[in-house]
Amino acid sequence: MKGPVKDRSYKVLFLVFHGFSEHNGISKKIRGQINGLKSAGVDVRLCYYSVERDGSRVWRVEDDILVDFGKGLIAKIRKRIDYKAISEYVQQNKFSLVYIRSDHNANPFTLHMVKKMRLSGAKVLMEIPTFPYDQEYVSLRMRLELLIDRLFRKNVAKQLNAFVTFSDAQTIFGQQAICISNGIDFSNIPVRRPTERAGTRTVHLLGVAEIHYWHGFDRLIHGLGIFKQAHPDCQIIFHLVGQFSGERERIAITEPIEFYGLQPNVILHGPLWGEDLDAIFDLADFAIGSLGRHRSGIQVIKTLKNREYAARGIPFIYSESDADFDIQPYIVKASPDESPIDIAQILDFLENEKFDPLRIRTSILYLSWAEQMKRLLQEI
């Protein structure tokens with residue numbers, strides 16, 4: 001086997017430009033990636049930005065403060081331009097690899113940091129969680145923020161050894177790309193135990209996400225509204241778990257609920273985690289993945305959400321292309337457009353197909369973060 005597998009002398013710095021939340025999906029993903037690297041036997045250290053309880057802005061390596069910028073406006077500015085402590089830490093500790101999670105923040109300062117890291121002898125990879133991403137910047141303020149990244153990202157790309165992508169792109173900004181799948185930390189995701197229900201059959205649909213417009217849950221609600229008009233006594237409940245990322249997303253969901261009179265059929269739970277989240281997965285019959293990736297110009301992507309649903313052992317629907325699931329028998333593919341979702345198709349699918357949760361989960365064991373990060377190490 002090629003690569004530094006089971007070699008504790010191979011040191012990796014995992015660099016993230018933000019902090020962590022106990023129940024945030026991105027935080028869980030990063031922890032899973034780090035555990036996957038550790039399972040390959042390499043020495044991994046996490047470097048991340050944090051705002052302390054007293055308001056101090058710091059960079060940490062694991063539990064230790066690497067640099068403290070203090071508080072106030074100057075600290076905010078230094079956080080965005082001063083990466084000297086990080087590049088010096090890489091040089092002093094002789095890292096073999098620096099793995100950077102992109103924050104779409106290519107600029108002269110991150111460019112200089114990457115150059116310093118490469119001079120130390122480290123290989124530098126940059127993960128772009130979603131590619132392409134320009135279409136996600138919709139407001140004028142967001143586009144102005146993206147402008148700096150667009151000016152400098154090709155220069156940053158030249159300094160990297162490669163990008164890491166969950167798309168099928170072979171090159172990104174002129175630099176080669178390593179394609180892997182979003183992975184799963186199975187130890188943190190229990191398989192569902194479907195709830196036994198007696199009496200009238202109510203179908204429970206479930207969507208779980210920090211709700212963005214590209215999730216397209218409004219397509220499901222429009223489809224449910226149309227279905228209810230034809231079947232006023234329908235026993236279908238859509239559980240939407242998560243917080244709205246913005247006012248546009250809230251309006252896109254609440255307006256069709258009011259228009260079709262779906263208040264009894266759509267439950268907005270807000271964020272759930274732990275046993276509460278497990279319980280709602282046990283209740284649900286079918287899950288709703290992304291239905292609007294086309295809105296941000298994406299056709300091919302290997303979303304974390306699809307993998308989480310499969311790890312839970314629940315059938316689901318999505319509209320993008322995902323090679324890990326497109327031919328699986330437990331998924332329904334929606335068209336990548338603005339048409340309302342065909343609820344009758346979902347009901348027919350559930351009536352005619354029965355899937356054991358454990359069998360669904362077993363079908364994606366190769367998508368563990370341990371396997372995906374081992375594959376990455378072999379690539380480099």
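Leu73, Ile74, Ile77, Ile81 and Phe109 together make a nonpolar surface patch of about 470 Å². Patches of this kind are built from residues with over 30% relative accessible area and no salt bridge, where nonpolar side chains (Val, Leu, Ile, Met, Phe, Trp, Tyr) are joined within 5 Å and like charges within 9 Å. The areas come from the Shrake-Rupley method with a 1.4 Å probe, and for residues only the protein chains shown count as cover. The model is a predicted one, in which local features need pLDDT of at least 70 and side-chain atom pairs count only at pLDDT 80 or more, while totals for chains, interfaces and linings use all residues. Residues are numbered from 1 along each chain as its sequence is written, and side-chain values use heavy atoms, with hydrogens and water left out.

Helix α2, residues 72-81, gives the most to the nonpolar patch, with four residues; helices (H or I, at least four residues) and strands (E, at least two) are DSSP runs numbered from the N terminus. Leu73 is found in helix α2, and with a relative accessible area of 61% this residue is exposed, where exposed means over 50%, buried means under 20% and partly exposed lies in between, with a 1.4 Å probe and protein chains only.

## Strands and their partners

An open sheet of nine strands runs in the order β4-β3-β2-β1-β5-β6-β7-β9-β8, with mixed pairing; two strands pair if DSSP finds at least two bridges between them. β4 (64-68) and β8 (171-172) stand at the edges with a single partner strand each, so one side of each has no neighbour in the sheet. Within this order, strand β5 (residues 97-101) and strand β6 (residues 123-128) run parallel and are joined by five bridges, with Tyr99 standing opposite Leu125 in β6.

Strand β3 (residues 57-61) is mostly covered, since five of its five residues are buried. In a regular strand the side chains alternate between the two faces of the sheet. In β3 both faces are covered, with Arg57, Trp59 and Val61 buried on one side and Val58 and Arg60 buried on the other. Strand β2 (residues 43-51) runs antiparallel to β3 and is joined to it by five bridges, and Val51 stands opposite Arg57. The hairpin of β2 and β3 has five residues between the strands, and Gly55 there takes a positive phi near 95°. β3 also runs antiparallel to β4, over four bridges, and the hairpin that these two form has two residues between them, with Glu62 in the turn at a positive phi of about 55°.

Strand β10 (residues 203-208) is likewise mostly covered, with six of its six residues buried. β10 is joined by six bridges to strand β11 (residues 236-241), and the two run parallel. The chain passes from β10 through helix α6 (residues 217-230) to β11 in a right-handed β-α-β crossover, a hand assigned when, with the strands pointing away from the viewer, the path from the first strand over the helix to the second runs clockwise. β10 also pairs with strand β13 (residues 286-288) in the parallel sense, over two bridges.

## Charged pairs and cysteines

A salt bridge is a side-chain nitrogen of Lys or Arg within 4 Å of a carboxyl oxygen of Asp or Glu, and by this rule the count comes to 22. Three of these pairs are set out below.

| Salt bridge | N to O distance |
|---|---|
| Asp134 and Arg150 | 3.7 Å |
| Asp149 and Arg153 | 3.3 Å |
| Glu338 and Arg295 | 2.8 Å |

Glu338 lies in the loop between β15 (331-333) and α10 (343-352) and Arg295 in the loop between β13 and α9 (304-312), so this pair ties together parts that are 43 residues apart in sequence. Glu338 is partly exposed at 47% relative accessibility, and Arg295 is partly exposed at 22%. Asp149 and Arg153 both lie in helix α5, four residues apart, or about one turn of the helix; Asp149 counts as buried at 3% and Arg153 at 11%. Asp134, Asp149, Arg150 and Arg153 are linked in a network of salt bridges.

The structure holds zero disulfides, a disulfide being a pair of cysteine sulfur atoms within 2.5 Å. Cys47 is buried, with a relative accessible area of 0%, and Cys234 counts as buried at 11%.
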